[in-house]
Amino acid sequence: MLTRLTRSRALVCGMVALAGVALAASLAGPASGQEQKPVPVPPTLPHPSTQEPAHRTTFEQVEAMERELSNWGRWGKEDERGTLNLITAEKTLQAARLTKDGVVVSLARFASLEKTIDDFNFGETKHEMWYGVAGPPKPGVTRSALDTISYGIHDGTNSHLDALCHYTLLRDGKVVVYNGHASATQKGCGANGIDRMGPGFATRAILVDMPLLKNVAWLDPHTPIYPADLEAWEKFANVKIGSGDAVLIRTGRWAMRAAKGPWLHAREAAGLHVSVMPWLKKRDIALLGSDSVNDVQPSGVVGGSGEAANRPIHLLSIAIMGMPLVDNGYFEDAAKEAAARKRWEFFMTVQHTRLEGGTASNFNALGIF
């Protein structure tokens, strides 16, 4: 019998195969005696500023960051929580004192039931209802309504928190995850899974509202965010990002999507440039989140291939620093409440969905002002 993970992989592979057939058919055009030449798909170019001398980052520099920013062994060889260790009891108590008005907002969005271009096809979202028998009550027969739901946890419209087994590295010929632990198998993550990261946490969240800073409704896709932008935000919001904080980056992805519709944001997305990673490591933050994919897309990294070139924020955060990432967070309501108060720091609570060996959890998070 196939395991659930095996079936999921088979489903994804089937979708990819069908998509490839459909793409090939669309490129070939109608059948004829003449050979049809494929229509080239123009590449998505990185933002021009990423190639300027002040920001230009090479693949080799990212590789150097893998050594310089490492938290391996910092909390012991057996550690599986990474930077969540920075959220101490004292930090949680300090954060709780930020609550002034008792206003609660959700920081999450659930996977869309509508199939769209930005849902990544990591598993179709399905919701099925089950009803009790109609008519007069009958002994032993349920009359309640029940439902089942299935979805891809890493879906492009689902707010989720990546576990530390989500990204891998090759070390001494072995594929490993954060802290040198063994990588996942078809049975799940034997180490660094979401179930190994505790029941959840509560800390100070700092919302970095880039569209507000730049006086726009949203950042244009593939706009990079640099360390200077984070420092400008600190000055604007009168905050200083520090140890144990959760930093939530708003690019305005959901506002743009509501106005213009979905787009392939895995390919074009405003986000952090890899040059911010030493800055964030120095500040010793506990969690990084975005309303998109965290990495600016394209990354702008010069040369190389693989995740170090394409998703360096993900690789360095998860596999090197042991810092969980939140993808596709929903910060629109928090942005409104924060702007109304001119206060962009608040108390945040997060509960992990502790799926055994899981690579992620739904971002079950609340912001409390």
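1. Exposed here means over 50% relative accessible area, and buried means under 20%. With that cut-off, the face of α10 turned away from its buried side carries two exposed residues, Lys336 and Ala340. The model is predicted.

2. Confidence comes next. The protein chain has a mean pLDDT of 89. In the chain, 88% of residues reach 70 or more. Residues 1-33 need care in reading: pLDDT stays under 50 there. For that stretch the model has 17 contacts beyond four places in sequence.

3. Back to α10. Its buried residues are Glu332, Ala334, Ala335 and Ala338. Seen down the helix axis, they fall within an arc of 155°, so they line one face of α10. They pack against β1 (104-106), β7 (200-209), β9 (246-250), α6 and β13 (345-351). Lysine 342 follows the helix, with a positive phi near 55°.

4. Helix α2 spans residues 59-68. Its buried residues are Phe59, Val62, Ala64, Met65 and Glu66. Their packing partners are β5 (169-171), α7 (277-283), α8 (307-310) and α9 (312-320).

5. The largest nonpolar core has 73 residues. Leu107, Met277, Leu288 and Met348 touch the most other members. Helix α9 supplies the largest share of this core, 6 residues.

6. Take Met348 from that group. What is methionine 348 in contact with, leaving aside its neighbours within four places in sequence? The residues are Leu107, Phe201, Ala202, Thr203, Ala205, Ala246, Leu248, Leu287, Phe363 and Leu366. Leu107 is itself among the core residues that touch the most other members.

7. Aromatic pairs number 6 in the structure. One of them joins tryptophan 254 and tyrosine 330: the ring centres are 6.4 Å apart and the planes meet at 50°, so the pair is tilted. The pair links distant parts of the chain, 76 residues apart. Tryptophan 254 belongs to helix α6 (residues 253-260). Tyrosine 330 lies in the loop between β12 (325-327) and α10 (332-341).

8. Are these two residues buried or exposed? Tryptophan 254 has a relative accessible area of 6%, so tryptophan 254 is buried. Tyrosine 330 is at 23%, so tyrosine 330 counts as partly exposed.

9. Trp233, Phe236 and Trp344 are linked into it by ring pairs.

Notes. Residues are numbered from 1 along each chain as its sequence is written. This is a predicted model: local features need pLDDT of at least 70, side-chain atom pairs count only at pLDDT 80 or more; totals for chains, interfaces and linings use all residues. Side-chain values use heavy atoms; hydrogens and water are left out. pLDDT is the predictor's confidence in each residue, from 0 to 100. Contact means heavy atoms within 4.5 Å. Buried means under 20% relative accessible area, exposed over 50%, partly exposed in between (1.4 Å probe, protein chains only). Helices (H or I, at least four residues) and strands (E, at least two) are DSSP runs, numbered from the N terminus. A nonpolar core is a set of buried Ala, Val, Leu, Ile, Met, Phe, Trp, Tyr and Cys residues joined through side-chain atoms within 4.5 Å. Rings of Phe, Tyr and Trp (its six-membered ring) pair if their centres lie within 6.5 Å; planes under 30 degrees apart count as stacked, over 60 as edge-to-face and the rest as tilted. The arc is that of the directions from the helix axis to the C-beta atoms.
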